[in-house]
Amino acid sequence: AGKTTFLKHVALRGVSSDLSRVPIFIGLKQLSDSGLSVFDFIVNEFDVCNFPDATAYLDQLLKAGRAILLFDGLDEVNVADDERRRLTADVENFTRKYNDCQRLITCRLAADDYHFQGYTYVEMADFDQVQIREFVGKWFDGDTKQRERQDLFLSELNMAESEGLREL
């Protein structure tokens, strides 16, 4: 449905200074697998990129509410061994501590058995045919053979054997 793509779009808008907050993308499956707290996981991600003194910077940034936290894929976190419940509690505690930060969490509807306090729930709508054509046009924008490739993609997308791709 484009949940990860949407969060990455928000992150890129933040990086290009379209937003007044610093985007921090957090893959919840990776966070869960790491065994780290949310804060330590983010610090580790900054450290991997050789960001100097990430701990102090992040604490100050988060306390000032100057970040947008992009939590991706709650549905990908293992339900076994109470892992999703533990992760959900950790995310809730983290966002309560840094309550001035904006935040988004993505999850498939099938995994919406966890509700977060202070969040507005929205569902991503499927594209209609006009939106599909517009998206494809923007996807191929800048391609020197843009029109030719766009037409080829749309014709193949409309083939019977591409039904699964159209649904996606």
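Reader: In what order do the three strands of the open sheet come, and is the pairing parallel or antiparallel?

Author: In this predicted model, the three strands follow the order β1-β2-β3 in an open sheet, and their pairing is parallel.

Reader: Which strands stand at the edges, and why is one side of each left without a neighbour?

Author: The edge strands are β1, residues 22-27, and β3, residues 102-105; each has a single partner strand, so one of its sides has no neighbour in the sheet. From one strand to the next, the twist averages 15 degrees.

Reader: How many bridges join β1 to β2?

Author: There are six bridges between β1 and β2, the latter covering residues 67-72, and the two strands run parallel. Within this pair, F71 of β2 is the residue that I26 stands opposite.

Reader: What about the helices, then: which strands do α4 and α5 lie across?

Author: Helix α4, residues 54-63, lies across β1 and β2 and runs at about 110 degrees to β1, whereas helix α5, residues 83-97, lies across β2 and β3 and runs at about 170 degrees to β2.

Reader: And how many helices and strands does the protein have?

Author: The secondary structure comprises eight helices and three strands, and from the N terminus on the elements run α-β-α-α-α-β-α-β-α-α-α.

Reader: Switching topic, what share of the residues is buried?

Author: Of the 168 residues in the protein, 35% are buried. The protein exposes about 11100 Å², of which carbon and sulfur atoms supply 51%.

Reader: How many positive and negative side chains are there?

Author: The protein carries 20 positive and 30 negative side chains, with the centres of the two sets 4 Å apart.

Methods. Residues are numbered from 1 along each chain as its sequence is written. This is a predicted model: local features need pLDDT of at least 70, side-chain atom pairs count only at pLDDT 80 or more; totals for chains, interfaces and linings use all residues. Side-chain values use heavy atoms; hydrogens and water are left out. Two strands pair if DSSP finds at least two bridges between them. Helices (H or I, at least four residues) and strands (E, at least two) are DSSP runs, numbered from the N terminus. Axes are lines fitted to C-alpha atoms, for helices over the stretch in contact, and angles run from 0 to 180 degrees between N-to-C directions. Contact means heavy atoms within 4.5 Å. Buried means under 20% relative accessible area, exposed over 50%, partly exposed in between (1.4 Å probe, protein chains only). Accessible areas come from the Shrake-Rupley method with a 1.4 Å probe; for residues, only the protein chains shown count as cover. Lys and Arg count as positive and Asp and Glu as negative; His and the chain ends are not counted. The place of a charge is taken as NZ of Lys, CZ of Arg, CG of Asp or CD of Glu.
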